[in-house]
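Subject: Structure handover

Hello,

Here is the structure I promised to pass on. Please open it first, then read my notes below.

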Amino acid sequence: MSDSKVLAAAPGTAAAPPARRLPRSAGFAVIVAIMVLFQAASSAPAPLYVVYQRLWGFSAATLTLIFAIFVFALLGTLLVAGKLSDYAGRRPVLAAAIALETAALLLFLLAGNVTMLLLARAVQGIATGMVLPALGAALVDFNPPHAPGRAAVVSGVVPVAGLAAGALACSSLAQFAPDPTHLVWILLLAAMAAALAAVLALPESAACQPGAVRSLVPRLGIPQRLRREVLALFPVIVASWALGGLYLSLGPSAAVGIFGLTSHFYGGLVVTLLCGTGAVAAYALRGAGAAAVLRISTILLAAGTAVTLAGMLAGSVPAAIAGTVAAGVGYGASGLAAFGSMARLAGPAGPAERSGLFAVAYVVAYLAFSVPALAAGYAATRAGLHATVAVYALLVIVIAVAALATGELRPAPR
């Protein structure tokens with residue numbers, strides 16, 4: 001053996017073998033799977049809120065606070081740690097986020113009152129805020145060279161598909177499986193353990209660089225050369241995520257309180273109709289130009305929400321379903337246009353800017369997702385669920401029409 005291959009070691013000790021890593025070609029699939037898992041975990045509590053409400057007797061305002069605390073924790077984490085993986089590397093940030101998510105799932109599993117539920121959602125929000133920019137950046141890092149547009153498509157399709165999968169799976173377990181407030185979290189804990197093992201086996205896709213501690217100072221920014229194209233995406237992000245906030249916060253309660261659909265399965269199906277339709281639509285429109293997709297998304301967001309509102313006012317379940325499906329197409333198309341475009345812009349940005357760019361987009365998205373929903377939760381206790389959902393739907397329609405007008409006046413991203 002040549003000297004160059006001899007490792008220095010103390011007498012009687014063996015040199016540690018190098019850690020085995022997955023090939024880079026497998027990295028993309030691992031990141032996609034973790035993205036689905038985190039989105040599914042974030043939507044899993046939605047169908048169970050009605051169950052917890054019956055167990056512990058809390059109000060609609062408390063229910064919305066449980067929903068909102070997740071988003072506020074997520075937003076705070078995005079502001080502090082949104083750029084961390086650009087400096088510390090993707091693997092350490094992903095592993096830390098999975099560990100935090102595991103802690104949140106354990107809190108859900110052990111929850112016996114509203115306080116523990118709030119704590120679980122807060123920890124889950126921190127984990128999700130840490131993981132989202134790192135996942136978006138890693139998706140671009142591991143994008144296969146032979147399919148340069150794949151990260152953009154996945155960025156648009158996978159998040160809504162994960163939300164749909166989590167809501168449908170959880171509502172099915174709540175309705176048909178024993179002990180749903182425990183079984184759901186046990187299954188997700190097992191999946192998180194597998195995700196952690198996969199992350200530890202990934203190769204690092206972003207070299208560490210100085211400035212990790214300095215990056216924790218809350219600061220968001222868009223590189224000047226990308227500012228015009230990124231800002232053009234904000235109106236449709238606001239419109240679509242405001243609609244998502246309505247469905248994930250008040251959708252299951254509306255199914256029970258307005259339409260009298262008492263099955264837990266239907267509560268989750270409300271979310272799945274929006275998000276599942278959105279995932280299918282995003283995949284179907286993956287080859288369309290960004291300008292066309294943005295136009296389609298805003299038109300269908302407004303029209304679908306209007307039909308849903310009409311169905312609610314008339315007490316017509318078929319009309320509400322038809323409107324939700326139409327709005328779901330718009331929801332998925334907007335995700336494809338906005339986050340698909342963000343992934344395309346992040347490609348040339350370079351590894352040192354990618355997670356920061358995604359952090360900006362997610363801050364805008366989750367503000368639109370949470371602020372109207374939180375206001376609606378408090379309004380529902382005073383004006384009633386029916387009136388609150390009607391006003392919220394009208395707000396979404398106005399925002400979607402404004403996004404359409406803005407898009408017509410402003411060049412869309414290429």
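The second largest cavity is lined by 14 residues. Ser42, Phe70, Arg121, Leu248 and Phe369 lie nearest its centre. A cavity here is a set of points, on a 1 Å grid over the protein atoms alone, where a 1.4 Å probe fits but cannot get out; lining residues have an atom within 4 Å of a point. Helix H1 (24-43), helix H3 (60-81), helix H10 (234-257) and helix H14 (351-383) each give two or more residues to the lining of this second cavity. H1 gives the most, with 3 residues. Helices are DSSP runs (H or I, at least four residues), and strands are too (E, at least two), numbered from the N terminus. By class, the lining of the second largest cavity has 10 nonpolar, 3 polar and 1 charged residues. Nonpolar covers Ala, Val, Leu, Ile, Met, Phe, Trp, Tyr, Cys and Pro; charged covers Asp, Glu, Lys and Arg; the others, Gly among them, are polar. The volume of the second largest cavity is about 100 Å³, taken as the space filled by probe spheres set on the points, with grid points joined across faces, edges and corners.

A word on the basis. This is a predicted model, in which local features need pLDDT of at least 70 and side-chain atom pairs count only at pLDDT 80 or more, while totals for chains, interfaces and linings use all residues. Residues are numbered from 1 along each chain as its sequence is written, and side-chain values use heavy atoms, with hydrogens and water left out.

Back to the cavities. The whole structure has 4 of 30 Å³ or more. Helix H7 (150-176), H10 and helix H13 (317-349) give two or more residues each. The lining of the largest cavity splits into 10 nonpolar, 6 polar and no charged residues.

Next, Thr324. This residue sits in helix H13. Thr324 counts as buried because its relative accessibility is 6%; buried means under 20% relative accessible area, exposed over 50%, partly exposed in between (1.4 Å probe, protein chains only). The Thr324 side chain makes a polar contact with the side chain of Tyr247, at 2.8 Å. A polar contact is a pair of N or O atoms within 3.5 Å; within protein, one must be able to donate a hydrogen and the other to accept it, and residues adjacent in sequence count only if both atoms are side-chain atoms. Leaving out residues up to four places away in sequence, Thr324 touches Tyr247, Val270, Leu273, Leu274, Gly304 and Thr308. Contact means heavy atoms within 4.5 Å.

Then the aromatic rings. The whole structure has 6 aromatic pairs. Rings of Phe, Tyr and Trp (its six-membered ring) pair if their centres lie within 6.5 Å; planes under 30 degrees apart are stacked, over 60 edge-to-face, the rest tilted. Tyr52 and Trp56 are stacked, because their ring centres are 5.0 Å apart and their planes at 20 degrees. Tyr52 is buried at 2%, whereas Trp56 is partly exposed at 26%. Tyr366 and Phe369 are edge-to-face, because their centres are 5.5 Å apart and their planes at 75 degrees. Both are buried. Ring pairs link Trp241, Tyr362, Tyr366 and Phe369 into a cluster.

Finally, the chain: 15 helices and 0 strands.

Best wishes

Note on methods:
1 Å grid on protein atoms, 1.4 Å probe; cavity = no way out; pocket = protein on both sides within 12 Å on 5 of 7 lines; lining within 4 Å.
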